[in-house]
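Please walk through this structure with attention to its nonpolar packing and its charged pairs.

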Amino acid sequence: MNITYREAMRAALRESLKQDERVFLMGEDVGRYGGCYAVSKGLLDEFGEERIRDTPLSESAFVGAGIGAALGGMRPIVEVMTVNFSLLCLDQIVNTAATLRHMSGGQFSVPVVLRMTTGAGRQLAAQHSHSLECWYAHVPGLRVIAPATLEDMRGMLRIALDDPDPVIIFEHNALYNREGELAEDVTVSEIRRAAVRRAGSDISLIAYGGNLIKALEAADELAKSGIAAEVIDLRSLRPLDDATILASVRKTRRAVLIDEGWCSGSLAAEIGMRISEQAFYDLDAPLARVCTAEVPIPYPGHLEQAALPQVATIVNKARELLGQNV
């Protein structure tokens with residue numbers, strides 16, 4: 001069936017609400033408005049106000065309520081509109097949800113799922129467009145995932161709800177309107193492992209979320225000149241799947257890390273360091289990164305695009321590592 005990423009997540013929400021009476025969705029405008037990206041449109045009419053709950057504009061309060069509900073045996077899905085707004089509930093996530101299992105000696109678990117959008121490309125300006133997922137990937141006690149395919153958007157939520165610990169799902173806002181074919185009976189059984197989305201032997205392009213599309217387009221472009229790029233979709237940002245990353249780099253011996261976060265302190269920096277620690281002598285060229293320019297994301301479209309990773313930049317970096325003139 002032909003479906004958008006938005007519809008895939010809505011189908012995942014509907015399925016989870018039907019399968020488990022403990023599941024409910026909570027957040028700003030998720031009910032009557034249908035979610036700021038229309039992901040939950042129609043679910044209020046289908047499941048009612050007890051299970052699709054509009055909340056006040058108070059991220060700390062409703063994320064805290066979700067944590068409390070999880071401690072009480074429910075399976076809350078809490079939508080925080082964008083990762084920028086999640087800074088208002090950072091204490092609840094980092095100091096409470098992520099720590100309770102450890103601080104209680106394993107007596108308490110917090111099976112809450114937090115959904116939030118990330119990324120730029122829609123001219124929503126700096127306060128709605130940043131990619132701060134690496135901040136959460138820094139925190140022990142959290143699982144952080146980033147679906148980049150229709151299958152993962154449709155299938156990761158159910159697995160996240162089965163996790164006894166807090167899971168954050170980062171959904172790139174530029175993906176919601178994209179369409180593709182999705183099998184009716186799609187199943188996703190694993191969210192901890194990265195995936196090889198395209199096999200290659202000359203260079204590894206390592207990406208996640210919305211930038212997976214750009215990495216695949218870059219691989220198509222490189223193939224025109226005979227370069228076989230392998231494209232790795234991280235899928236899980238914490239924990240990182242070192243085994244898949246290192247297997248790819250040891251095969252291709254070169255890597256470009258694509259990350260919509262800022263270069264300084266980025267997830268790309270962490271992955272690069274892991275490759276250096278574990279596979280330095282397998283490399284034939286220095287590692288390279290394509291990240292967002294170190295500025296708040298601009299509003300004007302041409303400046304926003306100039307700040308973000310682009311296919312041409314990825315292609316040029318790959319060619320540089322292969323010793324080709326750019």
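**Packing and charge pairs**

Ile 93 touches Val 63, Ala 98, Leu 114, Met 116, Tyr 136, Leu 142 and Ile 168, leaving aside residues up to four places away in sequence; contact means heavy atoms within 4.5 Å. This is a predicted model, in which local features need pLDDT of at least 70 and side-chain atom pairs count only at pLDDT 80 or more, while totals for chains, interfaces and linings use all residues. Residues are numbered from 1 along each chain as its sequence is written, and side-chain values use heavy atoms, with hydrogens and water left out.

Ile 93 belongs to the largest nonpolar core, which has 49 residues. A nonpolar core is a set of buried Ala, Val, Leu, Ile, Met, Phe, Trp, Tyr and Cys residues joined through side-chain atoms within 4.5 Å. Buried means under 20% relative accessible area, exposed means over 50%, and partly exposed lies in between (1.4 Å probe, protein chains only). The members of this core that touch the most others are Val 63, Ile 93, Ile 206, Leu 234 and Ile 275. Another core, of 33 residues, lies apart from it and includes Val 30, Tyr 37, Met 153 and Val 188. In soluble globular proteins, nonpolar side chains tend to be buried together.

The structure holds 24 salt bridges, each defined as a side-chain nitrogen of Lys or Arg within 4 Å of a carboxyl oxygen of Asp or Glu. One of them joins Glu 79 and Arg 115, with the closest N and O atoms 2.8 Å apart. The pair links distant parts of the chain, since Glu 79 is in strand β4 (residues 75-82) and Arg 115 is in strand β5 (residues 113-118), 36 residues apart. Helices (H or I, at least four residues) and strands (E, at least two) are DSSP runs, numbered from the N terminus. Glu 79 is buried at 6% relative accessible area, and Arg 115 is buried at 2%.

Where do Arg 274 and Glu 270 lie? Both are in helix α10 (residues 267-279), 4 residues apart, about one turn of the helix. Arg 274 is partly exposed, with a relative accessible area of 24%, and Glu 270 is partly exposed at 35%. Elsewhere, salt bridges that share partners join Asp 152, Arg 197, Asp 233 and Arg 235 into one network.
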